[in-house]
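This report is meant for a reader who is meeting the structure for the first time. Please look over the sequence and the model before reading on.

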Amino acid sequence: MNMKTQVTSLGRHPASNSGSVNPPVHHTSTLIFSNFRQMRDYEQGKGTHHGYGRHGNATVDALCEAIIQLEGADRCFITSSGLSATILAIQSCVGAGDHLLVTDSIYGSTRKYVMKELMRYGVDVTFYDPLIGAGIEALFKPNTKAIYVESPGSLTFEVQDIPAIAKVAHARDILIIADNTWATPVFLQPFELGIDLSIQSVTKYIAGHSDLVMGAVSCKHAHAKLVEDVFLHTGVCAGADNVYLALRGLRSLVVRLKEHERSALKIAQWLESHAKVKRVLYPALPSDPGHALWKRDMTGAASLFAFELHHADEAIVEAFINSLHHFGIGYSWGGYESLVIAYQPAAQRVATTWDKDCWLIRLAIGLEDADELIADLEKALNS
Ligand SMILES: Cc1ncc(COP(=O)(O)O)c(C=O)c1O
């Protein structure tokens with residue numbers, strides 16, 4: 001079924017919900033069992049009755065069902081944020097004494113978790129060059145348990161050769177954890193590429209309206225028990241009202257993404273041809289070094305990319321950003337509104353080097369008119 005059609009019906013069961021088009025919101029902590037035997041069955045992992053609100057309810061089930069179908073997964077775990085989904089996935093694969101390989105292009109808060117928390121608990125972590133491909137094998141240790149990929153990186157946009165990494169990893173029973181937030185399952189089918197645990201910051205394109213934070217980890221049956229145990233033991237659940245909002249956002253995911261992509265490509269192409277722009281980091285552009293891999297592995301592009309100005313220092317970047325009218329100065333992306341941030345990648349790298357003076361300006365292109373956004377950018381570039 002076409003995904004545009006699919007998202008309109010996923011997780012909806014009107015006949016079981018008094019005819020309601022949308023799944024009802026279940027505000028639950030306690031769920032009452034019909035009798036003691038049902039409770040005992042639940043405790044022994046039998047039956048379908050939920051046991052406690054933190055572990056799930058029918059509203060959460062609806063979103064899980066939808067994401068399972070979209071990602072091509074068997075199980076999905078909904079968490080309080082994209083970051084808690086990341087932590088859930090990582091902790092499902094590694095413990096004290098294990099080795100984890102992490103892409104150097106990783107999202108900043110995930111880097112902080114790995115460096116400030118995970119290492120504190122005795123996990124050995126090595127950051128690797130995102131462009132390493134099958135060469136990652138040289139970094140394997142006898143205790144390597146998982147490889148974390150993020151493709152493209154949401155700050156510097158390198159596309160990773162996930163199938164090549166997965167091939168050498170799986171030969172040694174090493175799992176692939178991927179942050180699939182940029183591509184979403186609409187543009188990248190994680191399990192077809194060899195990913196074992198797929199993470200979504202639902203906050204971004206799935207929810208799409210900048211009104212909640214939430215995450216999801218999806219996997220096949222083979223790894224479900226690993227994730228389920230950590231999920232049940234760590235209490236990283238999401239609230240039912242937010243889950244409802246995420247489901248509401250999901251209904252328009254495919255049409256929004258197509259529009260986001262159309263506008264982002266137009267704006268990226270325009271920026272690329274501007275005399276003041278040194279380069280645009282966006283895999284959907286044929287000039288991008290990751291274009292061939294992107295084209296091979298993904299069916300579309302998100303609307304998040306970065307560019308670099310010629311001769312930009314902090315004062316120039318500041319003047320540019322302050323001159324923008326349609327771009328909010330704010331973190332996150334995937335919502336209906338355009339956003340801008342600027343940063344120096346060199347400060348966040350340990351396995352790869354960046355020019356220490358390089359400033360990147362990252363745009364999250366929203367659903368505004370692309371020509372108006374271009375006019376805004378042009379005015380700011382001339383300021
Ligand atoms: C690539 C990526 N992954 C994960 C996250 C974390 O998601 P959340 O903000 O929902 O915790 C973010 C947030 O910006 C992100 O950009």
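The sections below take up the model, its domains, and a few selected places in the chain.

## The model and its numbering

This is a predicted model, in which local features need pLDDT of at least 70 and side-chain atom pairs count only at pLDDT 80 or more, while totals for chains, interfaces and linings use all residues. Residues are numbered from 1 along each chain as its sequence is written, and side-chain values use heavy atoms, with hydrogens and water left out.

## Two domains and their interface

The domain assignment, whose bounds come from an automatic or database source, divides the chain into domain 1 (3–250) and domain 2 (253–381). Their C-alpha centres lie 27 Å apart, and 41 residues of domain 1 are in contact (heavy atoms within 4.5 Å) with 41 residues of domain 2.

The size of an interface is often given as the accessible area lost when the parts come together. Between domain 1 and domain 2 the buried area, taken with a 1.4 Å probe and summed over both parts, is about 3,500 Å², and carbon and sulfur atoms give 66% of it. On the domain 1 side, Trp182, Phe187 and Tyr205 lose the most area to domain 2, together 26% of what that side buries.

Across this interface there are 2 salt bridges, a salt bridge being a side-chain nitrogen of Lys or Arg within 4 Å of a carboxyl oxygen of Asp or Glu. The side chains of aspartate 161 and arginine 296 meet in a salt bridge, at 2.7 Å from N to O.

Methionine 298 is placed in the loop between α11 (291–297) and β9; helices (H or I, at least four residues) and strands (E, at least two) are DSSP runs, numbered from the N terminus. Methionine 298 counts as buried because its relative accessibility is 5%, where buried means under 20% relative accessible area, exposed over 50%, and partly exposed in between, with a 1.4 Å probe and protein chains only.

Residues up to four places away in sequence aside, methionine 298 touches Ser151, Pro152, Val159, Trp182, Ala183, Phe187 and Leu188. Phenylalanine 187 is 111 residues from methionine 298 in sequence, yet their C-alpha atoms are 5.2 Å apart in space. The peptide bond from serine 151 to proline 152 is cis, with omega near -5°, and proline 152 is found in the loop between β4 (144–150) and α6 (162–170).

## The buried side of helix α12

Helix α12 (residues 314–323) has Val317, Phe320 and Ile321 as its buried residues. They lie on the same side of α12 because they cover an arc of only 95° around the axis, the arc being that of the directions from the helix axis to the C-beta atoms. The face turned away from that buried side carries the exposed residues Ala315 and Asn322. The cover over the buried residues of α12 includes β9 (304–309), β10 (328–329), β11 (339–343), β12 (360–364) and α13 (370–381).

## Two residues with positive phi

Serine 18, in the loop between α1 and α2 (36–43), has a positive phi of about 55° although it is not a glycine. Threonine 184, which lies in helix α7, also has a positive phi, near 60°, in a residue other than glycine. Serine 18 counts as exposed, at 78% relative accessibility, whereas threonine 184 is buried, with a relative accessible area of 0%.

Note on methods
Buried area = accessible area lost by both parts, 1.4 Å probe.
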